[in-house]
Amino acid sequence: MSAISFDPARGVWLLSTARTSYALRVDETGAPCHLGWGPRLTLAAAGELRTPPAGESSSFAGRPAAGEELPVDGGARYGAPSLRVRFADGTRAFEWQQVGHRTWEPAPGTAELALEFRDRHYPLDVTLHYRVHTGTDVIERWTVLRNTGREPLTVLRADSAAWTLPPRDGYRLSHVTGQWSAEGLLHREPVPGAETVLTSRRGITSHHANPWVMLDAGDATEDRGEVWSAALAWSGSWQITVQRTPDGRTAFTGGAGHDGTALPLGPGEEHTTPPFAGVFTDGGFGAASRAWHAYVRAHVLPHPDELRPVLFNSWEATGFGVSEQGQRELARRAVELGVELYVVDDGWFGGRRDDTAGLGDWTPAEKSFPNGLTPLIDEVHRLGMRFGLWVEPEMVNPDSDLYRAHPDWVLHFPHRTRTELRNQLVLNFARDDVADWAHAWLTRLVADNGIDFLKWDMNRAFSEAGWPGREDGHDLLWTRYVQNLYRVIDRLRADHPGLRIEACSGGGGRVDLGALSRTDQAWPSDNTDAADRVSIQHGYGQIYPAGTMAAWVTDVPNQLTGRTVPLRYRFHVAMAGVLAIGGDLARWTPEELAEAAELVSEYKKVRHIVQHGALHRLRGPGDDGPTAVQYLTGDSQEALVLVWQRAPRHGTPRPVLRLAALAPEARYRDTRTGEVHHASVLMGYGISPELPIGDWASAAVHLVRVEG
Ligand code: GLA
């Protein structure tokens, strides 16, 4: 059976992935309706699916609020609309009329369905897109809108897709909330009998919420149970609305933009929404996360097969006080630890001595780098490391030459305060001249200096988001800003195929599938306290893979929290992602440097398991006990278990960890102790890794399959 099939007799479309099916049809009114999303079905079986019958009808009921592929604002619909438009004459309702459909294979192993509609009267085409790939159960969906008329229209809401869940009792919603330096706090709570809005109104993905959801019927665990999940590929404002209707249905709709934003669509213009991908699994939350991780590696990241280098970042070591001499010294120490990529963070340019000045003036500060960056970069390359640089291209300090020359380049409204956050304003990247300016200096900087890596930062939310001088600018900018941001990064990558990029927004303010599709890794949080990091990483890893999760080992007491935890614990926590060092190496003792060098070399032996393997969360960070994760290579040849203990009460028994998904008949050797274990014991009965006595104990257990 092909991945996309159609039953003309019943009008049923069936999308099939390896383990799941998704069925829909166009109903009598012309509206695309949902039939089912769950375990795999044949086309004949899908023919039995029915749109769930509406409950008691009354003149107040209207169409069910759940059950359409893209519920519009129009007709007797009263749920959260996925599509709301205002036509030139002020008419708002949309009426579906199907005009056709297309299926094709854009690439081997990929199949696409486009269901084409138009409004019954007004000049607006709406096409629903579905894409499935061999080897993943993730289904990608997005919508294309086209104004086929001669007058402008306004799109008040253009979600990428709405997802309907099968009737079940007691749905729960899993999602993350947070704030700066405390991102990714996982919540798992009952879906209330109402609308629940997850959103960012900040112009960025945000630290406060992240555009994904998981829903389960209240009974899923880490290892078992049905989970429906979706994630949006967009790095600006966004909104996902989950609804549980009074008649017991559950659905959610999501897309770019927040309440009150709109998108002008001129005559002949087309708008493609970002993808809102979804996956169903009956293997619990763990399987849902692994499905996302595998999908991100196979279909999102530009260079999924590369192992990420161990990097050093100067931020916590030197703050703004970067100089050629100081960086040379740090680089020399870093290379001795085994660092492969040396990154100079903020402070290297213009009049930047603190956060009050300089953003926008992207030339090396003369005092600190009298001969430019080249001598330092040459030295870093000579030492055998790659060179990376921090940039914040979307920002300007009012105290900068750029702002003095172009005060109109920032987001602003006339007669309104220009609210500064961290003493900076947001450049209006929606303007082509601003985006082109950024591309021009970035591409020159990278080319002139042989830069291998950029940390692309964005350190504040939007405010007074206006674009004076362009009639529809205040509306357009929310979308155009992100599109131009993507365009600049895409051009830069095309100019410099060897360039690698880290996505950062004051930590995890811009982590999403859109950002990851054009960068190589992300900075999940400015909080580098290893103890806090355990739960931040737990939230991050729900959707995003460890191979994208940069994690630094920094100094103690931690700059942010004042907490002191052992070097080993800090390393073991950072080894769960892309290990990096961010401490002031000049202050590390010879013993610490030696231990660090050993741990870096240990990490290099296992990083392929972490960065490319499958994550199994053996024990979450929820209680007093230790947190433990396991990574497993695709061929089950090697596993790595990391265990982190906080401060156990005396008498707490040593934890027993049951490993997951090993080759059942095989035996595995612990590379440290040399002991050989049967997989059946490791999985069925568990191991109890030795943890040193005391607070902040940790362990890394590397298991290699024994042949024969
Ligand atoms: C942000 C980043 C930090 C650092 C500073 C520099 O906060 O998240 O890692 O780069 O900016 O100003």
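The model is predicted, and accordingly local features need pLDDT of at least 70 and side-chain atom pairs count only at pLDDT 80 or more, while totals for chains, interfaces and linings use all residues. Residues are numbered from 1 along each chain as its sequence is written, and side-chain values use heavy atoms, with hydrogens and water left out.

The chain is divided into domain 1 (4-299), domain 2 (311-610) and domain 3 (616-706), with bounds that come from an automatic or database domain assignment. The centres of domain 1 and domain 3, taken over C-alpha atoms, are separated by 39 Å.

Pockets were located on a 1 Å grid over the protein atoms alone, a pocket being an open set of points where a 1.4 Å probe fits, with protein on both sides within 12 Å along at least five of seven lines, and lining residues having an atom within 4 Å of a point. The largest pocket has a volume of about 540 Å³, where a volume is the space filled by probe spheres set on the points, which are joined across faces, edges and corners. Its lining comprises 25 residues, of which D670, R672, A700, V701 and H702 lie nearest the centre. Strand 37 gives the most to this lining, with six residues, and helix 11 (567-574), helix 12 (590-612) and strand 37 (698-706) each supply at least two; helices (H or I, at least four residues) and strands (E, at least two) are DSSP runs numbered from the N terminus. Because domain 2 and domain 3 both give residues to the lining of the largest pocket, this pocket lies between them.

The second largest pocket has a volume of about 460 Å³. Of the 26 residues that line this pocket, W180, W315, R422, G506 and D526 are the closest to its centre. Domain 1 and domain 2 both contribute to the lining of the second largest pocket, which therefore lies between these two domains.

Among the polar contacts, defined as pairs of N or O atoms within 3.5 Å, a side-chain N or O atom of D526 lies 2.4 Å from an oxygen atom of the ligand. A polar side-chain atom of D457 is 2.9 Å from a ligand oxygen atom, whereas for G507 a backbone N or O atom lies 3.0 Å from an oxygen atom of the ligand. The protein covers 97% of the 300 Å² of accessible area that the ligand has on its own, as calculated by the Shrake-Rupley method with a 1.4 Å probe.

Methods
Polar contact = N/O pair within 3.5 Å; in protein donor to acceptor, adjacent residues only side chain to side chain.
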